Amino acid sequence: AADTCVDAATSAPLPLDVGPCADVLAQETRWLAAIAAGDVGTVEAILSPTFKHVNSDGQLLNRAEEIANMAPLPFTMNPSDQIVDIAGNTAVVHGINTLLQGGQVMATERFTDVFELQNGQWMALSAQETAT
């Protein structure tokens with residue numbers, strides 16, 4: 001399924017190529033690439049001070065723990081089927097993340113990421129993955 005975006009208050013479709021949906025999806029892509037590359041500086045710039053992460057093993061990590069655990073990964077993360085709900089300065093992204101290594105699917109996870117527009121940048125407040 002293609003990515004979609006709606007205004008959470010009205011369910012009205014929003015464009016994916018411009019505006020908040022495009023910006024949120026670009027930040028999502030940038031974040032996943034930075035995680036895979038072990039790019040601590042970029043991840044630090046994306047995570048809000050109060051960031052929380054529930055990983056696919058059910059562990060709750062705070063921002064400091066998330067950053068401390070970073071290292072380059074042997075796989076890439078490929079989001080698809082993303083549904084973006086924009087609620088004012090908050091965006092919720094639901095999607096599927098396919099982890100690929102050497103062209104092979106290592107895992108598939110359903111994810112929810114929450115972003116807030118802070119000083120003109122979409123900052124990650126929360127992330128959760130569930131293995132599928």
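User: Let's start with Val 84. Which residues does Val 84 touch, leaving out those up to four places away in sequence?

Analyst: A contact here means heavy atoms within 4.5 Å. With residues up to four places away not counted, Val 84 touches Thr 4, Cys 5, Val 6, Val 24, Leu 25, Ala 91, Val 92 and Val 93. Keep in mind that this is a predicted model, where local features need pLDDT of at least 70, side-chain atom pairs count only at pLDDT 80 or more, and totals for chains, interfaces and linings use all residues. Residues are numbered from 1 along each chain as its sequence is written, and side-chain values use heavy atoms, with hydrogens and water left out.

User: Which strands pair with β4?

Analyst: Two strands pair if DSSP finds at least two bridges between them. Helices (H or I, at least four residues) and strands (E, at least two) are DSSP runs, numbered from the N terminus. In this model β1 and β4 run parallel, joined by 4 bridges, and Cys 5 has Val 84 in β4 as its bridge partner. β4 and β5 run antiparallel, with 10 bridges; there, Met 77 stands opposite Leu 99 in β5. The β4 and β5 hairpin has 2 residues between the strands, and Gly 88 in the turn has a positive phi of about 65°.

User: How do I read a nonpolar core, and which residues touch the most other members here?

Analyst: The general idea is that in soluble globular proteins, nonpolar side chains tend to be buried together. A nonpolar core is a set of buried Ala, Val, Leu, Ile, Met, Phe, Trp, Tyr and Cys residues joined through side-chain atoms within 4.5 Å. Buried means under 20% relative accessible area, exposed over 50%, and partly exposed in between (1.4 Å probe, protein chains only). The largest core has 27 residues, and Val 24, Trp 31, Val 84 and Phe 115 touch the most other members. Elements giving two or more residues to this core include α1 (19–37), β4 (76–87) and β6 (104–118). The largest share, 8 residues, comes from α1.

User: Tell me about α1, then. Which of its residues are buried?

Analyst: An α-helix has 3.6 residues a turn, so residues three or four places apart point the same way. In α1 the buried residues are Cys 21, Ala 22, Val 24, Leu 25, Gln 27, Glu 28, Trp 31, Leu 32, Ala 34, Ile 35 and Ala 36. You can check the length too: the expected span is 1.5 Å times one less than the number of residues. The 19 residues of α1 should span 27 Å, and the end C-alpha atoms are 27 Å apart, which agrees. Just after α1, Gly 38 takes a positive phi of about 70°.

User: Ala 34 is on that list. What does Ala 34 touch?

Analyst: Ala 34 has a relative accessible area of 3%, so Ala 34 counts as buried. Not counting residues up to four places away, Ala 34 touches Asp 39, Thr 42, Val 43 and Met 70. The C-alpha atoms of Ala 34 and Pro 72 are separated by 8.8 Å, although these residues are 38 apart along the chain.

User: How many disulfides are there, and which cysteines are joined?

Analyst: A disulfide is a covalent bond between the sulfur atoms of two cysteines. The cut-off used is sulfur atoms within 2.5 Å. A search of the whole structure finds 1 disulfide, joining Cys 5 to Cys 21 with S to S at 1.8 Å. Cys 5 lies in strand β1 (residues 4–7) and Cys 21 in helix α1, 16 residues apart, so the pair links distant parts of the chain. The S-S torsion is about -60°, so this disulfide is left-handed. Both cysteines are buried.

User: Over to β6 and β7. Do they run parallel or antiparallel?

Analyst: Antiparallel, over 10 bridges. Thr 112 stands opposite Gln 128 in β7. β6 and β7 form a hairpin with 2 residues between them, and Asn 119 in the turn has a positive phi of about 50°.
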